[in-house]
Amino acid sequence: MNNNVRPADMKRINTPELAEAFIKEQVKEVREQVGDKKVLLALSGGVDSSVVAALLIKAIGKQLVCVHVNHGLMRKGESEQVIEVFRNQLDANLIYVDATDRFLGLLAGVDEPERKRKIIGGEFIKVFDEEARKLEGIDFLAQGTIYPDILESDGVKAHHNVGGLPEDMQFELVEPVRLLFKDEVRVVGKTLGLPESMVERQPFPGPGLGVRCLGAITRDRLETLRESDAILREEFAAAGLADKVWQFFTVVPDMRATGVRDGKRAYDWPVIIRAVNTVDAMTATVPEIDWSVLKKVTERILHEVSGVCRVLYDLSPKPTATIEWE
């Protein structure tokens, strides 16, 4: 039997009862596979890795070693949430690595999007590799592979395969949610007690805010991006849009516009709001957001975020635009 093929008679996990049965089965399988050995997991804070972490903690407790690498390109409060949920609430064996200076140093002056992606992805593997080599007795590598990854990539997607690790580090894979679709993973996560904000986390690119801070990344513009994005998320949630709009975020380009501040001419950044609805991410439409919501977001960003003089709403569908700007 191919363990990477979802059985035709496998029920969709869409209720807490079915999720409980799945969790019980996976806990048993993980314990049989791992025994008394240790398992390593790169915990990004995304839906898939978070659910895998919670499931493995339930199965093997401290035998799981989670490594969370903060590359300085996370959204506001995300690394703090990982620490709070997994270390403080679930008592996980969590290693937190703040590599912000390391990543931003390498990215200084780099404005070509693909080069930025390669630097971020390559350095993440290096940091994870360094942390893995400090540990002893690790025989397994857990990954948040889900079924669409297998269908689309004929194997594990690159962003899950932290296992661009060197070949001399031979780990056996532990992939407890590999036969689940994303909606099923969310149901399992909620049943495991993970917070709604983590389980319903929006799709987030591997390079994080690095592809939304357009051009060469600077610390001040990155902070403007992080703060404006947090305001957008707060206001969309308050307006009941968080679960109605598929993805929304802000973008800060590497350019300035003329503005007026304290009665004087100022040259500050524009903040662009991007919101889309889609089924498969191949095409996307732009939702008609109520003017009062956009006005509230605009007022807050202009008054609470430094260095901003304009707020814009991106009306471009996909195609011809892409969902992300870089």
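A polar contact is taken here as a pair of N or O atoms within 3.5 Å; within protein, one atom must be able to donate a hydrogen and the other to accept it, and residues adjacent in sequence count only if both atoms are side-chain atoms. The model is predicted, with local features requiring pLDDT of at least 70 and side-chain atom pairs pLDDT 80 or more, whereas totals for chains, interfaces and linings use all residues. Residues are numbered from 1 along each chain as its sequence is written, and side-chain values use heavy atoms, without hydrogens and water.

Thr278 is placed in the loop between β8 (264-276) and α10 (291-304), helices (H or I, at least four residues) and strands (E, at least two) being DSSP runs numbered from the N terminus. The side chain of Thr278 reaches the backbone nitrogen of Asp280 at 3.4 Å, and a polar atom of that side chain lies 2.5 Å from the backbone oxygen of Thr283. With neighbours within four places in sequence left aside, Thr278 is in contact (heavy atoms within 4.5 Å) with Trp246, Thr283 and Ala284. Thr278 has a relative accessibility of 15% and therefore counts as buried (under 20% relative accessible area, with exposed over 50% and partly exposed in between; 1.4 Å probe, protein chains only).

Zero disulfides, defined as pairs of cysteine sulfur atoms within 2.5 Å, are present in the structure. Cys309 is in no disulfide, and the nearest cysteine sulfur, that of Cys213, is 16 Å away. Cys309 is buried, with a relative accessible area of 19%; Cys66 is also buried, at 0%.
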